[in-house]
Amino acid sequence: MLRNVSLEDISDGKLYTENDLVRVDTNSCKGCQTVCCQNMGSTIVIDPYDCYKLTTGLGKTFEQLTMNELELNVVDGIIMPNLKMQKSDGRCAFLREDNLCNIHTIRPGICRMFPLGRYWEDETHFKYIVQKGECNKDNLSKIKLKKWLGIEGLAEYDSYIVRWHEYVKLLQAALPGLSENNVKILNTFNLRVFYMTTYAGCADDKAFYAEFDRRLAMAKEKLGLM
């Protein structure tokens with residue numbers, strides 16, 4: 001999600017890499033009285049890797065998840081899925097009654113980074129920032145950034161994030177001048193290719209990345225984004 005703000009407005013002004021120590025460790029949120037995972041609107045956007053993790057981890061199809069846990073919204077011109085906040089109390093659909101996450105081991109990338117964010121230096125390079133005013137827990141501890149993320153094969157994951165980011169930017173650049181009907185066709189195609197088509201055949205992350213790259217090449221060719 002694009003934000004037209006300065007680095008100092010949203011962070012401590014520093015850029016971090018995966019081997020840096022950052023003061024974000026919440027100690028599993030012990031003692032915190034604030035419920036973070038509520039009233040977030042459509043900001044927790046789901047990318048294809050998140051979709052793969054959720055569908056395979058929960059044994060549900062994407063369509064089944066959109067019944068209660070996910071919803072579709074327009075993000076910078078492109079229709080994307082995001083975690084759904086419940087209408088009754090504004091809580092994330094995956095938030096337990098004890099205010100802890102019910103899908104912590106397979107939580108989406110945005111949740112996994114919190115309270116970190118990505119700062120894109122250009123279209124293919126990013127660093128991390130510590131976002132201001134996001135975590136309300138006192139006495140956060142320092143932790144190595146890559147340990148906080150807890151993603152196995154982080155280099156491969158980062159490479160995937162860059163490829164997905166590049167593709168989304170190409171989609172957004174293609175929107176101006178398209179008719180309303182063609183925008184709908186583009187969005188429907190994108191959702192079908194990267195979300196609605198099951199990832200059940202992917203036994204592990206390596207298989208997912210190979211399948212993602214196959215779909216990415218096909219999508220770029222079909223949409224004339226080569």
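Gly-13 is partly exposed, because its relative accessibility is 30%, a value between the 20% and 50% cut-offs. The model in which this residue is examined is a predicted one. Gly-13 belongs to the loop between helix H1 (7-10) and S1. From Gly-13 to Asp-25 there are 12 residues in sequence, and the C-alpha atoms of the two are 19 Å apart in space.

A further loop, between strand S1 (21-25) and H2, contains Lys-30. With a relative accessibility of 57%, Lys-30 counts as exposed, since the threshold for that class is over 50%. Lys-30 and Glu-97 are separated by 67 residues in sequence, while their C-alpha atoms are 15 Å apart in space. Asn-39 also lies in the loop between S1 and H2. Its backbone deserves attention: Asn-39 has a positive phi of about 55°, although it is not a glycine. At 60% relative accessibility, Asn-39 counts as exposed.

A positive phi in a residue other than glycine is found at Asn-99 too, where the angle is near 70°. Asn-99 is placed in the loop between strand S3 (78-83) and H4. The relative accessibility of Asn-99 is 34%, and the residue therefore counts as partly exposed. The backbone has another feature at Phe-114 and Pro-115, which are joined by a cis peptide bond with omega of about 5°. Pro-115 is located in the loop between H4 and strand S4 (116-122).

These local features can now be set within the whole fold. The protein chain has eight helices and six strands, and along the sequence they follow the pattern α-β-α-α-β-β-α-β-β-β-α-α-α-α. The radius of gyration of the protein chain is 18 Å, close to the 17 Å that the globule rule gives for 226 residues, so the chain is as compact as a globular protein of that length. The C-alpha trace spans about 50 × 35 × 35 Å along its principal axes. Of the 226 residues in the protein chain, 40% are buried.

The next subject is the contacts between aromatic rings. A pair of aromatic rings is described by the distance of the centres and the angle of the planes. The model contains 23 aromatic pairs. One of them is formed by Tyr-49 and Tyr-160, whose ring centres are 6.0 Å apart and whose planes make an angle of 45°.

The charged end of Arg-118 sits over the ring of Phe-126, at 5.5 Å from the ring centre. The charged end of Arg-215 sits over the ring of Tyr-199, at 4.0 Å from the ring centre.

Tyr-49 leads on to the last topic, the second largest pocket. Which residues lie nearest the centre of this pocket? They are Tyr-49, Lys-53, Thr-105, Arg-112 and Ile-151, from a lining of 13 residues. The space in the second largest pocket is about 170 Å³. At least two residues of its lining come from each of H2 and helix H4 (109-113), and H2 gives the most, with three residues. By residue class, the lining divides into six charged, four nonpolar and three polar residues.

How values were computed:
Residues numbered from 1 in each chain as written. Predicted model: local features only at pLDDT ≥ 70, side-chain atom pairs only at ≥ 80, totals over all residues. Heavy atoms only, no water. Phe/Tyr/Trp six-rings, centres within 6.5 Å; stacked < 30°, edge-to-face > 60°. Lys NZ or Arg CZ within 6 Å of the ring centre and 35° of its normal. 1 Å grid on protein atoms, 1.4 Å probe; cavity = no way out; pocket = protein on both sides within 12 Å on 5 of 7 lines; lining within 4 Å. Points joined across faces, edges and corners; volume = space filled by probe spheres on them. Helix = DSSP H or I, 4+ residues; strand = E, 2+ residues; numbered from the N terminus. Nonpolar A, V, L, I, M, F, W, Y, C, P; charged D, E, K, R; others polar. Rg over C-alpha atoms; globule rule 2.2 N^0.38 Å. Buried < 20%, exposed > 50% of the residue type's maximum accessible area, 1.4 Å probe, protein only.
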